[in-house]
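This report is written for a reader who is new to protein structures. Please keep the sequence and the 3D view open while reading.

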Amino acid sequence: MSFKLYFILFLLFIAGFSLNAQNITVSGKVQDSLKTPLDYANILAVPERDSELRFAITKDNGGYQLKLEQNQTYKITVSYLGYLPQEIVITTTKENLTKNFTLQVNHNQLDEVTLNYTPPITVKKDTTIYRVDKFVTGEERKLKDVLKKLPGVEVDRAGNVTVQGKKVTKVLVEGKTFFTGNSKLAVNNIPADAVDEIEVLDNYNDVAMLKGLQDTEDLAMNIKLKEDKKNFAFGDVEVGAGIKDRYVIHPNLFYYSPKTNVNLIGDLNNTGSKSFTFRDYLEFEGGFGKLMSDSGGYFNLFNSDFAQYLTNQDFKSNTNQFGALNIRQAINEVTDISGYVISSKAKVETQNNITNQYNFGEPFTENRTTTNNANTFFTIGKVTIDYDPTFKEDFAYNSFVKVTNNTSNGLINTNSINQNNTINTLTDIVGLNLKQNVSYSRKLSKKHTGTLEATYNYKNDEPLVNWLTNQEILPGLIPLQTDAVFNILQTKTVKTHNASAIVKDYWVVNNFNHLYTSLGVNAAFNSFENQDVQQLSNGEINNFNSAGFGNALKYNFIDTFVGLEYKFQTGITTFKPALYYHFYNWQVNQQDSQISKTKALALPQLTIKTEFNSSQKLNFKYKLNARFPTVNRLANNFMLSSFNSVSRGNPDLDNTLYHSASLTYYKFSLFKNLNLNLSTSFNKKIKDYKSVTQLDGINQFNTQILFEQPEHSWNINGRIAKKINKIKYQFRGSYRYRDFFQIVNTETNKNISKNVSGTLSAETSFKKHPNIEIGYTKDFNNYRSSGSISKFENDAFFVNLEYDFLEDFIFKADYNLDNYQNKSLNIKNTFDTANASLFYQVEDSAWGFEINATNLFNTQFKQDNSFSDFLISDSKTFILPRIIMFKVAYKL
């Protein structure tokens, strides 16, 4: 029997014996003396012997359910604000019980009343408060471990938090933003024993007076510290070493006082762990939701040179040096100064083996191997001044800076019927980004509130790319001179000055009718220059400008707009139709052309929100979007895009136009342990930018046009989770459809891609027994292009185990099995990965010890597929080998 099979059987066996825990149900209703049901009343069951504390909260009709252990004696306390608490003692048997409670009004509630307990959960409209000590057992190490034990709270493996099915978008500590507000830095680093309470704040707004005026989907999580941690330094330091010179050093140091907060997080390792990813970077740019409202801005960010280094998570080797410092100082009662610096330096090695199937004309296959050694560096800093003299006035100033410098040395090996070649690539990317932002809000009168926001942003990117090969590339497209080695060099300089300002008035006509007016301007001044040359062995330069290469352009763009929004409520539904009228003016100046245009567009929006209750909501959004070309799409001379691609822009490009609509449904029931999320989105492009490709083998020449045939995309996502006793069952499913046109060699064809995916899982939540999560995922991908159909399937099985045993030991393990099939090329591959760790720490001891192993089976690569206009790619990505580490942790 193989080691892999032993490992899988061990994971299943060690958790299997604990699945038969026996519970009985105590149910009933809580009402007052007038027989009126009391919703959100707290029911607490305290066991007589050593067992779990159980609790429940009544639903709308006053009903409740308690899951209690058999043959156990409990003291049950029922409480409700403004009523006298009631206590009873019961002893459970094997039969379910019914217990109803009638609470009496506390006529002396203004006098001091002492209760013997604090409710584990308190619900107050948009705020839910968890008392942490009611749920933890003492072996938790980080905030992440605490959150996993709170009802309605979920934490994924990366550290992203959802509460009652809604993602946490901001994390606060003692009411102040923790670093950027990203949940990952908080949940993975704040020590568990420092946390007293966790407040979840729905519809959160940084400016209190704007709550209820600005529509926000933000969900904030505020960490309340224990009293002895509010003026105290705490944290921990982890140091580890492993075979083949592996190491990790990970300090987390925190100091909190009423006026001063200091947080320091460090991470030095060569184990592939990344403390800062592209998802984290999105939070600095406003978050994924905000960016997707401007999809053009999001995709420009995603495709930027800097972001490309953050998206990759799989490496052959990876050495990281990461540091983050956050400081907040209260100057006085109304003024705070805060700031952070985040810096990262990494050295990575990657390898991808790709099979490209070209589906145009006579289909053929290219095998491409890409290796890359990169050195990446960035520093991000921000300073914020908050001045809140009164509830009626709020002022904030932010200054942001980002510096990047990334270099790499890559090797591309391409093999096809048209070309066999090896190309060495050298890149050096330097970037600077400065941003200043001022926001001011003021309560002008009882009915009017005004806001002003102004931003200035400066960007300067200077990428340099060098291709070296001993064979000619792109024949007929670039004017190479014969040489022993072809040395091709490209330089770029992209500078942008962007300024924007918006003034908005919120007029509360009455409780059910609001009218909002906006006036704003966005101005961008861009310059773009690039040169493509060949550096000859004799030192001479072969400049490609004579063949139509080289660009130097200036692009100025001004958008002036006025907006009107009407928000009104009917019953449980809130409607907000809006209309924004934009007047655009832009100029494109290049060596041989000057273009000046103006355009006016009316862009409607509609938002409908139906709130059946605080835990059941239905939202609809519609928007007509316009997007204007980026500077590189307007460059009218040729430009190298890669070793096999030349592109040219089009200075006559106008704006795109597309409809976007989404519908989301959310339901959560703590009473039924049910969580349901459904969403669908639809996009219709009326006109969009399209590449017109001339394809010769793997070589491409691309030009830009504004394509005016409609294209569609449709996504459906669903998730349902139900907890029965100590097991949570969950199903996630999705369907994605997209149709789009490709224009290759003067032929226009419609492509259709479809994806169906489903994941079924079960997860236990015991306190004294092993906890296991088991799941299975099935993916179907179908891609139709030019009369051919390509099909892919993927089966994935996963097991995650966590076991706290012998009081001082914590064992964790996970296993993932992927079975990948490219049915069109008859490619099949199975790969699996496994990780395990054993942690030991005596209670009340500052020292902890861990043995950790990653990639136990020493799997070499992962496999997946992707689509583009005319090719389908099947990719193998090589990953880090097996790593075994011994770690020592010290808790301050």
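## Basis of the report

The model is predicted, so local features need pLDDT of at least 70 and side-chain atom pairs count only at pLDDT 80 or more, while totals for chains, interfaces and linings use all residues. Residues are numbered from 1 along each chain as its sequence is written, and side-chain values use heavy atoms, with hydrogens and water left out.

## Two domains

The chain is divided into domain 1 (17–103) and domain 2 (121–230); these bounds come from an automatic or database domain assignment. The centres of the two domains, taken over C-alpha atoms, are 27 Å apart. Five residues of domain 1 are in contact with five residues of domain 2, where contact means heavy atoms within 4.5 Å.

The size of an interface is often given as the accessible area lost when the parts come together. Domain 1 and domain 2 bury about 440 Å² between them, with 75% of it on carbon and sulfur atoms. Buried area is the accessible area (1.4 Å probe) that two parts lose on being put together, summed over both. Across this interface the rule finds zero salt bridges.

## Strands and sheets

Strands here are DSSP runs (E, at least two residues), numbered from the N terminus. Two strands pair if DSSP finds at least two bridges between them. An open sheet of six strands has the order β9-β10-β16-β17-β14-β15, with mixed pairing. β9 (121–124) and β15 (176–177) stand at its edges with a single partner strand each, so one side of each has no neighbour in the sheet. Strand β14 (residues 170–173) pairs with β15 in the antiparallel sense over two bridges, and leucine 172 stands opposite threonine 177 in β15.

Tyrosine 665 stands opposite leucine 678 in β37.

Is glutamine 490 buried or exposed? Glutamine 490 is buried, with a relative accessible area of 4%; buried means under 20% relative accessible area, exposed over 50%, and partly exposed in between (1.4 Å probe, protein chains only). Its side chain makes a polar contact of 2.8 Å with the side chain of aspartate 532. A polar contact is a pair of N or O atoms within 3.5 Å; within protein, one must be able to donate a hydrogen and the other to accept it, and residues adjacent in sequence count only if both atoms are side-chain atoms. The side chain of glutamine 490 also reaches the backbone oxygen of leucine 640 at 2.7 Å.

At 32% relative accessibility, lysine 495 counts as partly exposed. Among the residues that lysine 495 touches are Tyr458 and Phe525.

## Salt bridges

A search of the whole structure finds 26 salt bridges. A salt bridge is a side-chain nitrogen of Lys or Arg within 4 Å of a carboxyl oxygen of Asp or Glu. Lysine 224 and glutamate 199 form one of 3.7 Å, N to O. Lysine 224 lies in strand β17 (residues 219–225) and glutamate 199 in strand β16 (residues 195–202), so the pair ties together parts 25 residues apart in sequence.

Glutamate 711 and lysine 690 meet in a salt bridge of 2.6 Å, N to O, and both residues are buried. Arg131, Asp133, Asp196 and Glu197 are linked in a network of salt bridges.

Note on methods. Helices (H or I, at least four residues) and strands (E, at least two) are DSSP runs, numbered from the N terminus. Lists of a residue's contacts leave out its neighbours within four places in sequence.
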